[in-house]
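My entries follow the order in which I looked.

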Amino acid sequence: MSTRFFETAPGLDGTEPVARTEYGAVRGMRTGSSFVWRGIPYAAPVSGPHRFRLPRRPQPWDGVRDCFTDGQVAPQNMDNTVPIDRSLAMGEDCLWLNIWAPAATSDVPRPVLVWVHGGAYCLGTAAQGVYDGRKLSETGDVVVVTVNYRVGAFGFLDLSSLSPDFTPNLGLHDQIAALEWVRDNIASFGGDPDNVTLFGESSGAGCVTALLTAPRVAGLFHRAIAQSPPATTVFGPERAAGVAERFLELLELPRERAGELVELPLDRITDAAAILMDEVPVQVPGTLAAAPVVDGELLPGYPTDRFQQGFSHRVPLLIGTNKDESSLFRLFRSPIMPVTPEAVNAMLNGVRDSHPGLSHERIAEITAAYPDLAKSRGALAMSTDAAFRMPAHWVADGHARHSDTWMYRFDHATPMLRAARVGAGHATELPYVFGNFGTFNHDPTFWLGGRKQAMAVSGRMMRRWLAFATHGVPAALDGSKHWPPYRPGVRATLLIDSIDRVVEDPDRELFTAWGERAVGFA
């Protein structure tokens, strides 16, 4: 078999595809009816003096490079609840991507979907099994790319207040470098560089909404999907400077020796970062230690403000949240989200303190919308709405004024997840979008049944996401419920469950309480 895009040759496990990039040839492998290349470098290692610098182009290589395994996991604390294969190596040669492409011959370039993984800006990797792009690629006849990038102290801790040698928003810069690589090389894998959909979940979706407001990325992607975006979790330089000072304290490093950060062992930095990542959201609930910052260049302003001012890129957007976002953080006792009444009250106080113009009356109006706020149920609802639900609506309200926008809410939960009081918790939609169930060790999802129904829901979601990537409209094309675009005021929302239904403005009462202007932390 041959295609016009890449060569194929017999291999140990069947046909092996060889694609030619601007840096050298890469050999992948066949899996099912797809080809996959793993660990292709889109940038050079970020070690030594380059540790806290912008990504650089990779060094070209001679011959054919075997791309059969994932690259290194970006430096992070591996002692966490994110399901990462502990056999994977961690290191600073971590700027790589995976590509899945249908093996079938095609003379027409295929749509491309570029995935940005989540993990609270400090965890995760493109190597996680749930992000395997094979089923998505085969179902939609598309090319799927998953991007590994710097996280935590190395990617989203702004150290620029310590020295001009440090660059803020490095994780975002890595993602931009990957998008530029896709633009310049994806045609060799059968992909269409003029039809790229950027999609992500959680902090990955927060990166998507941030990049939608970054002037530099204009033209690098043509559609966007944001699943549970914490769009208001973007901070100002003053707050970032305080976090940077605390980071040096944890490292017992004087400010005048901040330059030594490029020489410290990785584990010393990741250990200090792990303390910082837990400490900050406990001290100031609703905030994170590491997150995108308004640097005046890549991000000229707060993304939610720029959406509402009409400054987001003119591309179609699919955006939404899960019904029970906060439940997963309660289950894992994670400090990242405030899930107790005490923590939620502290979060509200923090919002008021960071917005001098926000009156006590406005705070009272918000809290009045949660009559159970003194109980766990009310605290979880407030946390979900503050971190995800309202930010998604604020983004959609602004973007829909100039570009096609669709809003969803993922409500589906298997009997086991309902019994565990997780419901449609944060990230539970991921296996539905990728069609990958059972990728976690001892996955309890179907212990009480529900597989057949979940597969049907997954099929509809995949078809909608793929139709959006291919045609710019999320139609399932199988007789499923019509999904009308989102409009400010009407706010039509697709509720995804065993039976999909469209509801107009399901969060009307929340808008009355929170208001239409974004509220977050500075």
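In which loop is glutamate 325 found? I find glutamate 325 in the loop between β12 (317-322) and α8 (327-331). Helices (H or I, at least four residues) and strands (E, at least two) are DSSP runs, numbered from the N terminus.

Note on the source: this is a predicted model, numbered from 1 along each chain as its sequence is written, and side-chain values use heavy atoms, with hydrogens and water left out. Local features need pLDDT of at least 70 and side-chain atom pairs count only at pLDDT 80 or more, while totals for chains, interfaces and linings use all residues.

Entry: annotated site. I checked the UniProt annotation "active site", from an unreviewed entry, and it covers Ser202, Glu325 and His426. UniProt positions are given in the numbering used here, feature names are shortened, and annotations may be inferred rather than shown by experiment. The three residues span 225 residues in sequence, yet no two of their C-alpha atoms are more than 10.1 Å apart, so they gather at one spot. Of these residues, Glu325 is included in the lining of the second largest pocket. On a 1 Å grid over the protein atoms alone, a pocket is an open set of points where a 1.4 Å probe fits, with protein on both sides within 12 Å along at least five of seven lines; lining residues have an atom within 4 Å of a point.

Entry: glutamate 325. I read a relative accessibility of 0%, so glutamate 325 counts as buried; buried means under 20% relative accessible area, exposed over 50% (1.4 Å probe, protein chains only). Beyond four places in sequence, glutamate 325 is in contact (heavy atoms within 4.5 Å) with Ser228, Thr384, Phe388, Ala424, Gly425 and His426. A polar atom of its side chain lies 2.7 Å from the backbone nitrogen of asparagine 322.

Entry: serine 202. I place serine 202 in the loop between β10 (191-201) and α4 (203-211). Serine 202 is buried, at 10% relative accessibility. Its contacts, not counting residues up to four places away in sequence, include Gly118, Ser228 and His426.

Entry: serine 312. Which histidine side chains make polar contacts with the side chain of serine 312? I find histidine 399 at 2.8 Å and histidine 402 at 2.9 Å. A polar contact is a pair of N or O atoms within 3.5 Å; within protein, one must be able to donate a hydrogen and the other to accept it, and residues adjacent in sequence count only if both atoms are side-chain atoms. Serine 312 lies in the loop between α7 (303-308) and β12, and is buried at 2% relative accessibility.

Entry: helix pair. I looked at α9 (residues 341-354) and α11 (residues 376-399), which pack at an angle of about 35 degrees with their axes 9 Å apart. Axes are lines fitted to C-alpha atoms, for helices over the stretch in contact, and angles run from 0 to 180 degrees between N-to-C directions. Pro341, Val344, Met347 and Leu348 of α9 meet Ser376, Ala379, Met382 and Ala386 of α11 in this contact.

Entry: positive phi. Tyrosine 121, not a glycine, has phi near 65 degrees and is buried at 2% relative accessibility. Glutamate 252 also has a positive phi, of about 55 degrees, but is exposed, with a relative accessible area of 67%.
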